[in-house]
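Have the sequence and the 3D view handy as you read.

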Amino acid sequence: MKNPIFVLILFWISISSLPLGVLGENAVEFSSRESIQLEENDGTWYAFIAAVSDYDEAVDLSCALQDAHDLKSRFLQMGFEERNITFLVSESDASHLPTRKKILSRYANFLSRLKQGDHAVVYLCGHGIQIPGKKGSWFCPMDAESEALDETTISIDEMLAGLGESKADFCWMIVDACRNNQSAGTSGIFKDRAFGVKSLGELPEPPENVILMQSCQPGSISYESPNLANGIFTYCLLEALSMKSDVDEDGEVTFTEIQKYVTEQTASLADYYVGKIQFPQVSGKITDLVLLRDLNYPKAETLIEEARKKAGNEEFTAALELAKEACVLCPRNRKFRVLKEKYESRLAVREHKTVFPDGDKTLQEICDGMPDGGTVTILKGKHFIPETVVTRGKITFRGEGGNPEYVILRGGTKNVLRIEDGFAELKDLTIRNEGDCFDLSPEELEKETEEEEKQRNHQENLFSAIWIKSPMAVLENCVLISEKACGAVISQKDSAPVFIRCLVKNCGGNGILVESGAKGVFRECRVTGSRWSGFVVCGTGTAPVVEKCCVEKGKDGGFYVLEGAGGKFTDCESRENVGIGFILEDPGTDPLVENCRIIGNHDMGIFVAGGSSGRFINCQVLRNTELGLGVAHAKSSPFFQNCRFKDGESMGIILYETKGTRFEMCESNGNLLGGIGVFGGAESSFNDCEIRGNDRDGLVVGEEGTKPVFENCRFLGNQGGIYLQKGAGGEFINCEAERNREFGIYLTGSGTAPKIEKSRFVNTVEGCGVLIQNEAGGIFTDCEISGNAGAGIQVEDGTPVFRKNVLSENGLSYWERLDWRILGGEPLLEENVPDGLEELQLLKEKEEKERQRKEELRAREELKRAETAMGINTENINPGKDDWETRKRSSPQKIGNERPQNL
């Protein structure tokens, strides 16, 4: 045997509620040109087919007879011999009716004929049921009686076991039947009888040499469609038993390919024709054995190889003829058809080429006379295009020489090129026009009415260098310039052009404008020197894909996404623009920005406003003059993950009013005016973020109602760590403020009352770990306050609560340590280590001793002055022990009651 022996066994049990014609016009047909055979093996192919369409008692079926005849025809075409097919169907003569007695006797005879190496097909079509009180599933022959189900039905489980016990090497069993349960008390499948039976349920796991394929999942229905002459599953199976299921197009059909085809097509057609869900189920040991082979494939493959050689020698006519012959031999092979169409396209392009300039013809006249697939080569030089060239078919414009600087199409005030419809391809061209719509100052723009703005936006399209409205266009290695308008406008819904390595420069309006639901792909493009924004995405549904593009040196902003637009921006840069590097505005605006760099812009790096959202992942925001990031508006809710806001000349991040902004694993480092500012009632969240090395405070939170949440965040090496004022609140959980210069956390102002849990305020270089002034509150629980140069906690005026905190090695000077310094207010101290009340008592005792020492010094100074006035010389008098000890000690470091300078 060339392959393992393959036995094909199909159990077909079909139930459907949709009436169909028995021999409908849409029965599966097979191409007369298709020549297929079963994979060669040593054994013989057998088939057993029994189909019931007319029942004595049960509900009749409409497609059973058609399914049986189609499957028998298909088996014959595949290579079965008719003498080896047992065929029992309704509407036949009495000797071939599918009664219980005939099915059992013919089936037993069928099994007895099987010998080692043979292949068998068993096909049953009819109702399947479960008998109440009995295990297993049962097939209803045409004479099944509702009053005597045990005696008049056939056990499918036993038939399946019989297959496993046969001498056949391998079996494939297919059960196509409804598997939903019919409620007891309903008529079910039997006429005029309220008898509750279940449709075919779970069949047993098949024997080792059997694969079981069922047409639907447990609890589901197998459907028919009025548009098909078969059940949906059967229709797909009949198609799969042809070269249609040859997915890899190698001229062979394997079981895996059949299974995949039937599963996918059944689900698709059930959804399309009846709007229902139907997924086949396969169990048993899946095999990748070859079942069918296309006899014509080897010859067709040889023809295709010859065609490829001809095409390589530019002999496209000969290549096309060979490909056509291969497609005749294997009409279902998509690979061969695609190659044929490719050669047809190459010939069409060859036959339809021209150049511009061409005598007195205008470029528009050349385009109008060019059939689909033609190419216009623009010769080197500058060519004036007085009127807009409009394209509507399939055409290619190619600049001579491969460099866009060699070929320039210069227009007047309106579009040089407008792609209305069809498919246009532009390569190696410079397109430039004068434009005529943006001579307005910012002050004049502010005074525009809504109608005037609409008119100007329309002019923006008319006066761009190129306007794309077609579904598809490709621009590669092109330069676009519009002196007073946009370089390129894409404004048609679902228009999806492709821009590759294009340069848009020195435009009097925006560089690129994508609007009105357009899509498109922009790859490795550069937009520079625009008067307005470099790349604008506008309108609901507008969603371009922008990859490795750079917007730079614009006189306004870089990327601008607004009015509900989306899109994906990956590996892009926005740098050295006069305005904002990346702007999001308006509700519904939600782009994805990944691995982008916003660098050196003279305004903000990123600005999110007007209720927009957006996702920024792995972005770098560096060296921007104003803010690194600004988020405004209560409904603005962007998300930032693993982003860096670094080395700005202002603050790294400012949030105002926003309620839903989130940060994960972000950094705000090295900014001149601080790391993060949260104001105006904002309620944003920060997780696993780091705020480090800022010249001012790491975090400033201000104004009543402002309540950010920081979890697992670090504030390192800033001037001040965390500064809350003016009634602000918020939560700090598992945070750390370390090595900040003036304080770890500073709370000031009435109503300022954050919640701080399990956080660390350590190693402040010059000041306190915790500083509280001006009636501030707050709750500190389970925190560590240690190693600070000043007091661990200093309360000058306020009502904070400290519970279960640990304080150690904090100090006021080189000679004495002090964890607590309470100068005013009414702090609540509970279960802190060391105990805060003891520390407070020690502090009071120290202060009393200091007061007494100063009184003694003052008295001695007065005595000395009196002796000097009386002429008594005290220079050579040895000081007493007390005087010497007094002079040796230094005064404690002074800590004032005011906010440290620069806060």
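D494 is partly exposed, with 47% relative accessible area. Bear in mind that we're looking at a predicted model. The side chain of D494 meets that of K519 in a salt bridge, 3.3 Å from N to O. This pair links distant parts of the chain: D494 sits in the loop between β26 (488-490) and β27 (498-500), while K519 is in the loop between β29 (512-515) and β30 (521-523), 25 residues apart. K519 counts as partly exposed too, at 28% relative accessibility.

K469 is partly exposed, its relative accessible area being 22%.

Next up is R575, which forms a salt bridge with E552; their closest N and O atoms are 2.9 Å apart. R575 lies in strand β37 (residues 573-575) and E552 in strand β34 (residues 550-552), so the pair ties together parts 23 residues apart in sequence. How accessible is E552? It's buried, at 4% relative accessible area, whereas R575 is partly exposed at 29%.

## A three-stranded sheet

Now for an open sheet of three strands, ordered β3-β2-β4 with parallel pairing. β3 (85-89) and β4 (119-125) stand at the edges with a single partner strand each, so one side of each has no neighbour in the sheet. On average, neighbouring strands here are turned by 5 degrees against each other, direction ignored.

Strand β2 (residues 45-51) pairs with β3 in the parallel sense over five bridges. To find your way around, look for A51, which stands opposite V89 in β3. Helix α1 (residues 64-78) lies across β2, β3 and β4, and runs at about 170 degrees to β3.

## A buried glutamine

Last stop: Q773, found in strand β62 (residues 768-773). Its relative accessible area is 1%, so Q773 is buried. Which side chain does Q773 join in a polar contact? The partner is E796, at 2.9 Å.

Methods. Residues numbered from 1 in each chain as written. Predicted model: local features only at pLDDT ≥ 70, side-chain atom pairs only at ≥ 80, totals over all residues. Heavy atoms only, no water. Helix = DSSP H or I, 4+ residues; strand = E, 2+ residues; numbered from the N terminus. Buried < 20%, exposed > 50% of the residue type's maximum accessible area, 1.4 Å probe, protein only. Polar contact = N/O pair within 3.5 Å; in protein donor to acceptor, adjacent residues only side chain to side chain. Pairing = 2+ DSSP bridges. Axes fitted to C-alpha atoms, helices over the stretch in contact; angles between N-to-C directions. Contact = heavy atoms within 4.5 Å. Salt bridge = Lys/Arg side-chain N within 4 Å of Asp/Glu carboxyl O.
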